[in-house]
Amino acid sequence: MAMFPNPLGRLRDVMRGRGGPPITATATVTMTQLASANRIYQRSSRTGGGQGKGQGSIPLALSAATAAGTIVARFSSGGATRGDYQAPWVAATIAATGAQTVNITGVDAGLRWGYLDILDSTGTWQNGTTLVGMGRITAFGGQSPVTRMIYPLSDASTTCASLGITPNGFTSAYATYDVSSGLPTGWRSPSDSDTVYKSAFIMDFLNRQSAQFGVVCGFAGASIGGSPLCTIQPQLLNVLAQVGGWESLFWYQEYDDAQRSSTKKLYKAALDYLFSQLNALNTAYPSYTKYVGGIHNTGPLSATTFAPAIQGGSIAQRVQMRRASREWATANSALQILPADIKTADGVHQTQAGALACSTHFHRATYAEAGGDASGDVGATIVSATRSGTTVTVNLSQQSGGTALVGTGSWWTRFTLYEVGSVRSAWPITGGAIVNSTQLTLTLGNDPGDGKPLDLWLYIPWETGANVNDGTINVLRDNRTADGFAVGRNVMPTLDPVSIAAPSPGGAQNTPPGGIIPAVSTLALTGTSPTYSASGVSGFGQMMTGGTAILGTGACPMIVAGLTFEAFFVCPALTASTQAIISFSTNSYVAVTSGGLLTVKAGGIVTPVNSASALTPGHRYHVALVVSANGWNVYLTDTTAATAGALVITKTGATSLIQSQQVAGVRTYNGTSNMTGSGGAVSNVALWQVEKYSGASYTAPTAPYTGAETDLIESWLLDGNLNGSVLSA
């Protein structure tokens with residue numbers, strides 16, 4: 001007997017679900033083929049569905065001839081038997097006629113590629129011709145180290161095949177690098193022959209992810225080298241808006257914000273803003289897992305100036321960014337990534353071997369997402385240290401799976417021992433020994449003395465010696481290799497110093513062999529013919545009476561929350577031109593007009609606003625510009641006339657506080673509108689990451705800032721020099 005005695009019987013059986021009643025469609029539609037082959041759609045759950053790996057939706061463009069009804073879908077391998085991957089099911093409801101996009105819901109996630117077919121009321125299947133997958137997308141954003149996760153810019157001649165990596169056929173990518181606009185040219189599978197997606201990271205990471213999660217896995221995102229967070233954010237959002245959702249996201253950046261002396265508060269505010277925008281885009285998987293980091297082992301820095309040989313800031317600046325990421329991660333249920341064994345080409349940028357090591361760290365970090373070991377990439381941590389003479393004993397705590405410490409090369413050289421509160425004045429470490437799974441000792445080359453307390457660091461983010469570019473040579477790890485990797489997890493870098501108490505408080509204290517190297521400000525101004533003279537005000541020293549000064553492009557931190565910019569100044573003799581007092585970025589200044597009015601522009605509000613009353617040339621004033629998200633206020637005190645401080649200008653309206661390529665200026669606005677009138681002077685310029693003054697009146701400062709004030713980004717006293725007073729390196 002024939003299996004299908006008549007065509008209607010065949011259609012009925014084909015349209016049945018798995019043993020259920022006939023499935024029919026009631027809407028009449030014409031589908032448009034999916035636009036991008038090899039695209040991976042983000043599942044909306046990790047469990048359930050026919051494969052037990054969750055389900056998700058695929059947006060499908062179509063034209064409907066009926067105003068209401070349902071359509072049926074199936075998912076097929078493309079072979080002779082359609083629907084072999086997923087039998088027909090009612091997948092969407094039509095609510096209007098005409099061209100529209102509907103979500104085909106209930107598509108099973110799995111380790112497979114397939115074609116989406118639909119059936120309408122005509123009883124005729126419209127077969128898909130675009131091969132797609134439903135699974136897991138990991139999003140990435142950051143600067144040049146993320147670029148090396150996409151394309152091996154620093155090591156393009158080393159193939160993935162030579163490193164033993166072969167694409168498994170279940171991965172795809174959609175990303176841009178080092179461009180500020182535009183979209184990727186479709187989804188493509190990483191391979192050595194691809195023109196973009198050929199980094200050892202992207203190939204190895206996606207291979208491991210698809211094996212771990214049992215579904216097709218994708219990489220999506222954007223990177224821009226040599227850029228702060230605010231510069232990268234628009235392009236990242238641009239790319240991810242096309243993706244629709246992701247299951248996890250790694251933000252790996254920090255370097256340029258460190259170089260710009262961003263503070264913890266500023267960087268955390270920037271992360272808040274970034275992730276608020278990302279959260280709004282992720283409609284497919286709102287509860288995605290967040291990872292943050294960016295500064296792996298890097299070097300070198302000058303042993304004398306402590307300036308980086310490549311971008312990334314001083315030791316102190318880098319530590320600040322690592323701490324900011326840690327605090328943000330803790331507050332937002334995210335995880336911090338802290339690789340310390342990366343091989344680089346130049347102290348920052350990964351080689352292919354370094355990219356492969358990054359894959360190890362990033363993949364291990366995702367174990368908890370797959371229901372595995374929650375310790376992920378976290379190795380042993382230092383809990384305390386003591387010293388007796390030239391021997392330092394370090395105590396550690398092992399994480400799950402770690403039962404021993406494993407040292408490679410001269411692993412003790414990755415420890416640094418400083419004077420308390422310093423990251424400059426070091427005590428040389430000449431050797432080390434592993435005692436047991438939770439203890440080791442370090443040998444010092446000089447005895448600090450029994451009365452000397454010290455600060456101990458591990459994997460502080462700079463390197464010295466012959467191996468500054470290769471973090472794999474001297475490493476301290478645990479022995480957890482049961483997960484298939486050849487090496488264990490790094491003992492975790494210290495983000496705060498481990499305090500070592502003096503063996504005998506009050507005893508002898510020696511000086512480190514390199515001497516005491518004082519801290520300096522990382523935000524010193526650069527001057528053009530600056531001159532100074534006494535302010536004539538008790539306690540305030542000199543004022544800058546001639547020339548100009550700027551904090552150059554790429555030096556000043558970005559601001560993404562309220563700020564205050566203030567200064568003391570002597571009103572200059574009026575000239576035919578506007579004369580700048582202080583300026584910030586390319587869109588904010590405080591100046592004196594040719595008519596003697598105080599004029600202010602700030603926060604992207606283009607039209608400047610003038611004060612109602614004119615200033616008196618020769619009088620000394622204090623001025624403060626306070627910018628919020630909803631406008632700005634200007635406060636003024638005539639200290640010569642001893643008048644009370646008052647709100648003199650107010651402006652409402654949305655402000656643009658996300659600043660890129662900051663340029664702060666004293667007596668100049670971007671090299672123009674310089675203060676040239678006789679008698680003009682400026683001093684005690686200060687930039688705050690807080691709205692410092694409010695209300696209708698205020699009290700001007702009565703003494704110079706020390707540099708230790710909370711929320712102070714920098715203070716330039718201009719007391720005979722252009723140095724900042726916030727000592728950070």
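Is Thr 526 buried or exposed? In this predicted model, local features need pLDDT of at least 70, side-chain atom pairs count only at pLDDT 80 or more, and totals for chains, interfaces and linings use all residues. Residues are numbered from 1 along each chain as its sequence is written, and side-chain values use heavy atoms, with hydrogens and water left out.

Thr 526 turns out to be exposed, with a relative accessible area of 53% (exposed means over 50% relative accessible area, buried under 20% and partly exposed in between, with a 1.4 Å probe and protein chains only). The residue lies in strand S25, which covers residues 526–534; strands (E, at least two residues) and helices (H or I, at least four) are DSSP runs numbered from the N terminus. Leaving aside neighbours within four places in sequence, Thr 526 is in contact with Thr 548, Ala 549, Ile 550 and Leu 722, where contact means heavy atoms within 4.5 Å. Thr 526 and Leu 551 are 25 residues apart in sequence, and their C-alpha atoms are 6.2 Å apart in space.

We can turn next to a sheet. Four strands form an open sheet in the order S5-S4-S7-S8, with antiparallel pairing; two strands pair if DSSP finds at least two bridges between them. Strand S5 (86–94) and S8 stand at the edges with a single partner strand each, so one side of each is left without a neighbour in the sheet. Strand S7 (residues 115–119) has five of its five residues buried, so it is largely enclosed by the rest of the structure. Tyr 115, Asp 117 and Leu 119 point one way from S7, while Leu 116 and Ile 118 point the other way, and all are buried.

On the S4 side, strand S4 (residues 69–76) pairs with S7 in the antiparallel sense over five bridges, and Ser 76 has Tyr 115 of S7 as its bridge partner. Towards strand S8 (residues 125–126), S7 is joined by two bridges, and these strands also run antiparallel. Here Leu 119 stands opposite Trp 125 in S8, and Ile 118 has Gln 126 as its bridge partner. The hairpin of S7 and S8 has five residues between the strands, and in this hairpin Gly 123 takes a positive phi near 85°.

Positive phi values also occur in residues other than glycine. Tyr 459 has a phi near 55° and is found in the loop between strand S22 (454–458) and strand S23 (475–478). With 2% relative accessibility, Tyr 459 counts as buried. Asp 711, which is not a glycine either, has a positive phi of about 75°. Its place is in the loop between strand S37 (697–698) and strand S38 (712–716), and at 22% relative accessibility Asp 711 counts as partly exposed.

Finally, a pair of helices. The axes of helix H3 (residues 200–213) and helix H8 (residues 352–365) come within 7 Å and cross at roughly 25°; axes are lines fitted to C-alpha atoms, for helices over the stretch in contact, and angles run from 0 to 180 degrees between N-to-C directions. H3 and H8 are therefore roughly parallel to each other, a term for angles under 35 degrees. The contact includes Phe 201, Phe 205 and Arg 208 of H3, and Leu 356, Phe 362 and His 363 of H8, among others.

Technical notes. Parallel < 35°, antiparallel > 145°, perpendicular 65-115°, else oblique.
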